[in-house]
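Here are my notes from a pass through this one, point by point. Have the model open while you read.

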Amino acid sequence: MKEYKRVVQYYETDKMGITHHSNYVRWMEEARVDYLEQIGWSYAKLEEAGIISPVTNVECGYKKPTTFSDEVYISLSIAEYNGVKLVFKYTMKNKNGEVVCEAKSSHCFLNSNGQFVFISKFNPELHQTLKDLIAQ
């Protein structure tokens, strides 16, 4: 998969000139949207199929600060998937290849009525796609 490139914006920094920690979670979402597009399952396609996948947990380990105009390259993979729970792993690096953040986000699956669904039964095509991508 192609890495997602993000450039730190001025408004994303704090008084010390460092990227505020909350922005990394936003970048995770941007990278996840891009990743899903790349695998053929955009958010629009998921919603058309009646699938909603809310975030249930986020973990971030900040390794090195970033500042205004830094380029951040985000690689994403599926760390875990069991048909009910999906966990994405994110590695964010600066232009020198140094890790600036390692993170995970966990997701469940709901139908358009907000009820939990087993993707293996609800949408076998998406289920197979996610299974094939685990730890690639």
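1. A word on burial before anything else: a residue is called buried when its relative accessible area is under 20%, exposed when it is over 50%, and partly exposed in between. On that scale Trp27 is buried, since its relative accessible area is 0%. Keep in mind that we're looking at a predicted model.

2. Together with Tyr24 it makes a tilted aromatic pair, with 4.8 Å from centre to centre and 55 degrees between the planes. Both residues belong to helix α1 (residues 22-38), and they sit three residues apart, about one turn of the helix. Tyr24 is buried as well, at 3% relative accessibility. Ring pairs also bring in Tyr62, so that Tyr24, Trp27 and Tyr62 form a cluster.

3. There are six aromatic pairs in the structure. One of the others worth a look is Phe88 with Tyr90: the ring centres are 6.5 Å apart and the planes meet at 50 degrees, so this pair is tilted. Phe88 is buried at 2% relative accessible area, and Tyr90 is buried at 0%.

4. Two lysines are placed over rings. The charged end of Lys45 sits over the ring of Trp41, 4.2 Å from the ring centre. Lys121 has its charged end over the ring of Phe118, here 5.6 Å from the centre.

5. On one side, strand β4 (residues 71-81) pairs with β5 in the antiparallel sense over nine bridges, and Ile74 has Met92 in β5 as its bridge partner. The two strands make a hairpin with three residues between them, and Gly83 in the turn has a positive phi of about 95 degrees.

6. β5 also pairs with β6, again antiparallel and over nine bridges. Leu86 has His107 in β6 as its bridge partner. This is a hairpin too, with four residues between the strands and Gly97 in the turn at a positive phi of about 85 degrees.

7. Have a look at Ser106 in strand β6 (residues 99-108). At 8% relative accessibility it is buried. Setting aside neighbours within four places in sequence, Ser106 is in contact with Pro54, Val55, Thr56, Asn57, Lys85, Leu86 and Val87.

8. Now the charges: the structure has six salt bridges. In one of them, Lys5 meets Glu71, with 3.5 Å between the closest N and O atoms. This pair joins distant parts of the chain, as Lys5 is in strand β1 (residues 4-7) and Glu71 in strand β4, 66 residues apart. Both ends are partly exposed: Lys5 at 45% relative accessibility and Glu71 at 26%.

9. Glu30 and Arg6 make another salt bridge, at 2.7 Å from N to O. Here helix α1, which holds Glu30, is linked to strand β1, which holds Arg6, across 24 residues. How accessible is Arg6, buried or exposed? Arg6 is buried, at 9% relative accessible area, whereas Glu30 is partly exposed at 26%. Glu12 joins Arg6 and Glu30 in a network of salt bridges.

10. Last one: Lys85 forms a salt bridge with Glu80, the closest N and O atoms lying 3.9 Å apart. Lys85 is partly exposed at 34% relative accessible area, and Glu80 is partly exposed at 35%.

Methods:
Residues numbered from 1 in each chain as written. Predicted model: local features only at pLDDT ≥ 70, side-chain atom pairs only at ≥ 80, totals over all residues. Heavy atoms only, no water. Phe/Tyr/Trp six-rings, centres within 6.5 Å; stacked < 30°, edge-to-face > 60°. Buried < 20%, exposed > 50% of the residue type's maximum accessible area, 1.4 Å probe, protein only. Lys NZ or Arg CZ within 6 Å of the ring centre and 35° of its normal. Contact = heavy atoms within 4.5 Å. Pairing = 2+ DSSP bridges. Salt bridge = Lys/Arg side-chain N within 4 Å of Asp/Glu carboxyl O.
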